[in-house]
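User: I am new to this kind of structure and would like to learn how to read its features step by step. Could we begin with the general idea each time, and then turn to the case at hand?

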2 protein chains.
Amino acid sequence: VIKPPPAPAGIEIIPGGGVTAPEGFAAGGVYTGIKSPGEDTLDVGMLASDRPSVAAAMFTRNTVRAWAVQVSQEHLRDGRAQAIIINSGCSNVATGAPGLRDAREMARLAATKLLIDERDVIVGSTGVIGRRLPMEKIRAGAECMTLRRDGGTAFARANMTTDTHPKEFAVRFRAQRRTYSVGACAKGSGMIHPDMATMFCWITTDAPVERRLLRGALRRAVDASLNMISVDGDTSTSDTAAMLSNGAAGGATIAAGTREAAAFERALTYVCTVMARMLARDGEGAQKLIEVRVEGAASEREARAAARAVSASPLVKSAVHGHDPNWGRLLMAIGRSGARVRLERVRAWLGPIAVYRGAPLPFDESAASDYLRNEEVLLRADLGAGSARATAWGCDLTPEYVHINSDYTT
Amino acid sequence: VIKPPPAPAGIEIIPGGGVTAPEGFAAGGVYTGIKSPGEDTLDVGMLASDRPSVAAAMFTRNTVRAWAVQVSQEHLRDGRAQAIIINSGCSNVATGAPGLRDAREMARLAATKLLIDERDVIVGSTGVIGRRLPMEKIRAGAECMTLRRDGGTAFARANMTTDTHPKEFAVRFRAQRRTYSVGACAKGSGMIHPDMATMFCWITTDAPVERRLLRGALRRAVDASLNMISVDGDTSTSDTAAMLSNGAAGGATIAAGTREAAAFERALTYVCTVMARMLARDGEGAQKLIEVRVEGAASEREARAAARAVSASPLVKSAVHGHDPNWGRLLMAIGRSGARVRLERVRAWLGPIAVYRGAPLPFDESAASDYLRNEEVLLRADLGAGSARATAWGCDLTPEYVHINSDYTT
């Protein structure tokens, strides 16, 4: 697992923290046999707050959507939720009308268990497309599920498909003379691309966040983090980032435009950035995290497009995999995004090594190749066309990606 | 090499034909040492008509462009050209102002050799980005070049980078009681994606085509063929499709809207389609050609986007590579394109095998897996949202793609 970037001022990392780090949240995960058995394999999970929560979510823009996405959207229309039920191993996508009934039943199973309204349950299903959910397994799993204050990791594990490890993170921040927490877990790791970069990211906070602020802060944080990662350019049919704010740590409701709101949003953005980096690093078959920084773009839209094009480029990803300091591919990918460049002013770096300034610079190719051997690699370019900037994350493309994805259902 | 689809009525394939099949064209290729030596390796080529020709071209939309593209655009402004000079092994991109001088010198070298105006020369350079052209080698190559009526294959070879074989094709068609020919050669095979799908496609005809018709017919043919292929989603900085019409086979000028124009455009579109299929099949590391047919789309734009998204999807490409009948990825990729779908009306097929009709269909998975073992694989979907259709081509994603691209400059 790669190290998180340094925490912004006033934010403290909770070691080993995840979705149950904030007060009032409990979670669990069980193995029901949807996935093939394996050590530590879990496939049904539940996360709940001990009280109704303000909720916000962002969903995939894929026009082929999971039934879970449809049900969750319906249930979030009132901006409130109290629990999340998920399964891995089967995404319940393209399963016809019976699939919708199954997704609704999943919400009902959590509601029955927790004695809450099924319309306060968010549903997530990830895995193979086009297969019915084995509902008898999910029913049994929901029944024997135990939700615990330290169950965040079990819940994170139950989300995993080809992820090599559970992805969790949590921080504390101070506001209103109190200590609040924000926790998250996420799963990747194929089908990851902008417009929801993650398949699932579940976020909790015990800060009492006003609904409009929660929605806006989540959108901004996701746009700067999860929507800036790419593993393979594909976008899942199930991608969901959802957040619950239960206010269990007390204090007055935090509204937009206040100093408290800024502190909350800093913490949330940091958590989402850490999750984005973890997801990119654990892209299918990946051995490296690639961070792409684009500066000097003519507009923020172009900066984002250029950074994402680089992080998504198979040729860039393959070159990084082979420690090949082929910076021409960096410029190629930027140009492909349609971002305006002024080649005579462009500057480019492989980590600390300047390789282009209006024309190719002489540089030590073996030192550059050595730099690309790091587990975390920075590709940086100034387009010379303005002052907008953006950061994106991706991973190297390895033969293992192909192996993993050539043999998934069979 | 895969078989071409059946020729449309009235069109006859010229066995072994290429850019010098039409009358009045000669070509050649030499080895100058830009690329590493190897059996049959050539790296500088020239193609010329024995008389001034009407010319049209389409270029990459990448905002980082080769100097050769800039020079060719300047030279084609008058709609006339007589020769093409190309090199492989070095793309002369992002080389600063000296690179522009080098590209102009390449045009001049051809002009000097052929005793024509340098503004009648189209230039193409393909290979590594960010390195100066070794002009002394290109000068020597131009000097010792011999252009021959049977030199089309040598010219095609001089274009190759990671292509495993030269790609050539030519046909005859009848119009005005004469026989005309259209010939082409192309090179891929990485960095291939819509908005110029090929790096280079050079096309010749001895039919006397009016300038406006040539431009329109080329654009339409390329949009339906070369712009519908994808190898890896990257778009080259050098992509060029250019066509010369020298009228050497005689007859009156063929103008738009006539029966002769339709015959010419059918031949041109067929030639471009064959080239597109050859390029996709020879994508880097590819073992299969994937043809994607989308029907029932709400608009032609959406049909094209959906077909291209499927052909470009690493998850689809990996599944086909592994003979994995994971049709869910086909629907995922269609949805990712943003094309509207009516899932309850969607139909999908893996070749002849129906797998989805509003809901998953039972099908013989081992028969489907066997079908995917073919060298040419058809993926087909009806979106149930309208009547527009489009066809795209791609290839499977193999571990060899990564190997090829991890170690290119080093």
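Analyst: Let us start with burial, for which a residue counts as buried when its relative accessible area is under 20%. The model shown here is predicted, and in its chain A, 66% of the 410 residues count as buried.

User: What radius of gyration does chain A have, and what would a compact globule with 410 residues have?

Analyst: The general idea is to set the value beside a rule for globules, which is 2.2 Å times the number of residues to the power 0.38. For 410 residues a compact globule would have a radius of gyration near 22 Å, and chain A, with 21 Å, agrees with that. Taken along the principal axes, the box that the C-alpha atoms of chain A fill is roughly 65 × 55 × 35 Å.

User: How many aromatic pairs are found over all chains?

Analyst: Two rings pair if their centres lie within 6.5 Å, and planes between the stacked limit of 30 degrees and the edge-to-face limit of 60 count as tilted. The search of the whole structure finds 10 aromatic pairs over all chains. One of them is formed by A:Phe173 and A:Phe264, a tilted pair with 6.4 Å centre to centre and 50° between the planes. A:Phe173 belongs to strand β6 (residues 167-175) and A:Phe264 to helix α6 (residues 259-281) of chain A, so that the pair links distant parts of the chain, 91 residues apart. Both A:Phe173 and A:Phe264 are buried, and together with A:Tyr180 they form one aromatic cluster.

User: Why is the pair of A:Trp327 and A:Tyr356 tilted, and where do its two residues lie?

Analyst: The ring centres of A:Trp327 and A:Tyr356 are 5.2 Å apart and their planes stand at 45°, so the pair counts as tilted. Because A:Trp327 lies in the loop between α8 (314-321) and α9 (328-336) of chain A, while A:Tyr356 lies in strand β12 (residues 353-357), the pair ties together parts that are 29 residues apart in sequence. A:Trp327 and A:Tyr356 are both buried.

User: Which residue lies over the face of A:Trp349?

Analyst: A:Arg380 does, at 4.0 Å from the ring centre of A:Trp349. In chain B, B:Arg380 lies over the face of B:Trp349, at 4.0 Å from the ring centre.

Definitions and conventions
Residues are numbered from 1 along each chain as its sequence is written. Chains are lettered from A and ligands numbered from 1 in the order in which they are written. This is a predicted model: local features need pLDDT of at least 70, side-chain atom pairs count only at pLDDT 80 or more; totals for chains, interfaces and linings use all residues. Side-chain values use heavy atoms; hydrogens and water are left out. Rings of Phe, Tyr and Trp (its six-membered ring) pair if their centres lie within 6.5 Å; planes under 30 degrees apart count as stacked, over 60 as edge-to-face and the rest as tilted. Helices (H or I, at least four residues) and strands (E, at least two) are DSSP runs, numbered from the N terminus. Buried means under 20% relative accessible area, exposed over 50%, partly exposed in between (1.4 Å probe, protein chains only). A charge sits over a ring if NZ of Lys or CZ of Arg is within 6 Å of the ring centre and within 35 degrees of the ring normal.
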